[in-house]
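Hi,

Here is the structure I promised to send over. Have a look at it first, and then read on for what turned up in it.

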Amino acid sequence: MKKAFVRSYGCQMNAYDAARMADVLGQQGYAATDSVEEADVVILNTCHIREKAAEKVYSELGRLRVLKGERKRAGQDTRIVVAGCVAQAEGAEILARAPAVDVVVGPQSYHRLPLLLDQSRAGRVVDTEFPAEDKFDHLPTRRSKGVSAFLTVQEGCDKFCAFCVVPYTRGAEVSRSVASVVAEARKLAEAGVRELTLIGQNVNAYHGESLTGGAAATLTDLIRAVAAIPGIARIRYTTSHPNDMGDDLIRAHAEIPGLMPYLHLPVQSGSDRVLAAMNRKHTGDQYRRLIERIRAARPDIALSSDFIVGFPGETDAEFEETMRLVAEIGFQSAFSFKYSPRPGTPAAAREDAVPESVKSERLAALQGLLDRQRHAYQNAAAGQVTDVLVEKTGRHPGQVAGKTPHMLAVQFDAPASTIGSIVAVRIVEAGTNSLFGEMAPQIAAA
Ligand code: SAH
Ligand code: SF4
Ligand code: F3S
């Protein structure tokens, strides 16, 4: 049997795409493998968001070139595919820089992989079109099982933050129809999925065709439709933009029991001047007021965010505004990055770059604060009894692992037969990355 190896970098949407590419190849008779040495097709699903992410791909391709040569000497063919956002951004340049690559395919064309692999036997191919047909109509049924699954509902971005490549690599905002999302969600539920994370680059800007074909459905409408599917117990969504956080979506956090009390809402900076230069189109205080409204609807909501330090021109005082915002709001978790200039974005042309050493200092200070907040949040969970959706076996024999409604990872002793169910767990101890608990059967949940 032919084998395919897929490695994904970057965001959850890329992870979703990687799984779908494996589905496409599965339909062609390829088995998935974790061992690159035995793969007949190797796919790198790349990320272009920061320079480090993009450059990693080329070192990986260097290693693959050696592997391809060794396999060839052993009489085995290896097709090497570069997919994802570096493929979209760099296209044929990748062929020039990496001689081992056979196929370059963008995020909107990977349903054509079988055709592209065939064509590559006659010569290297590049497909970075934004095709008229919808890839979702051409993808096979998902094979991926598991308890928690991602589901892409919206792609692309019209926001054009000054630092970001996504509007260029993923194109304009497009939403799938409610019918198409619900059909995929139903199949996942039938395969045992209990938790769905609806994903999009700007998921709360979702405006897909409604079931009646009438006025566009909002993300709230979509969440309600998915929540009604038998078997689906938990719903999450990511990533949201503060400016698209409508009143209906905020209310949904109070009204829809299956919608989990966790929200990833990137703010990037606490300085109004930097936010304006980033083209985020909101101020720090607008973000604070938004958080107040969300907390009024769902007081226990856990918040997460993204931050960039060292955006061009950012002063010490402006960075301190970010620290102040973090201290005031309190996040359960967060991602923070040093600004990385990206080709083709407006900010990359600026000449007031912040020195690398200053970026590093600011990142360390910010991450220190965010880490303290994360630990405080985890420690506060000790002693509580909470619902855990069991997702998989744990690190040690006899253990299982799952997540709380607030996205905290928990390990505890329980039989593997609990996988897929929601059990009540008493949190005994908070570790660095995970909580440890014990089953609290007297109040077992659904
Ligand atoms: N659509 C989402 C996430 C986009 S990318 C949003 O609007 O928030 C994920 C994160 O990467 C961003 O939130 C941002 O914090 C970070 N990021 C994007 N471009 C970057 C760059 N050029 N340098 C450093 N971090 C960047
Ligand atoms: Fe990038 Fe901004 Fe769009 Fe998010 S909203 S994907 S950061 S341009
Ligand atoms: Fe990276 Fe593309 Fe996602 S640039 S973060 S893989 S949308």
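Let me start with the aromatic residues: ring pairs join F163, F311 and Y339 into a cluster. Please keep in mind that this is a predicted model. In total, the structure holds 5 aromatic pairs. In one of them, F163 and F311, the ring centres lie 6.4 Å apart and the planes meet at 80°, so the pair is edge-to-face. These two residues come from distant parts of the chain, 148 residues apart: F163 belongs to the loop between β8 and α7, and F311 to the loop between β13 and α13. Both F163 and F311 are buried.

Another edge-to-face pair is formed by F307 and F331, with 5.6 Å from centre to centre and 80° between the planes. Here strand β13 supplies F307, while F331 sits in the loop between α13 and β14, 24 residues apart. F307 is buried, with a relative accessible area of 0%, and F331 is buried as well, at 2%.

The charged end of R97 sits over the ring of Y58, 3.5 Å from its centre. Likewise, R176 has its charged end over the ring of F136, 3.8 Å from the ring centre.

Finally, a helix pair: α10 (residues 247-255) packs against α12 (residues 284-297) at an angle of about 35°, and the axes are 7 Å apart. On the α10 side, D247, I250 and A254 meet L290, R293, I294 and A297 of α12. By class, that contact has 5 nonpolar and 2 charged residues, and no polar ones.

Notes:
Residues numbered from 1 in each chain as written. Chains lettered and ligands numbered in written order. Predicted model: local features only at pLDDT ≥ 70, side-chain atom pairs only at ≥ 80, totals over all residues. Heavy atoms only, no water. Axes fitted to C-alpha atoms, helices over the stretch in contact; angles between N-to-C directions. Helix = DSSP H or I, 4+ residues; strand = E, 2+ residues; numbered from the N terminus. Contact = heavy atoms within 4.5 Å. Nonpolar A, V, L, I, M, F, W, Y, C, P; charged D, E, K, R; others polar. Phe/Tyr/Trp six-rings, centres within 6.5 Å; stacked < 30°, edge-to-face > 60°. Buried < 20%, exposed > 50% of the residue type's maximum accessible area, 1.4 Å probe, protein only. Lys NZ or Arg CZ within 6 Å of the ring centre and 35° of its normal.
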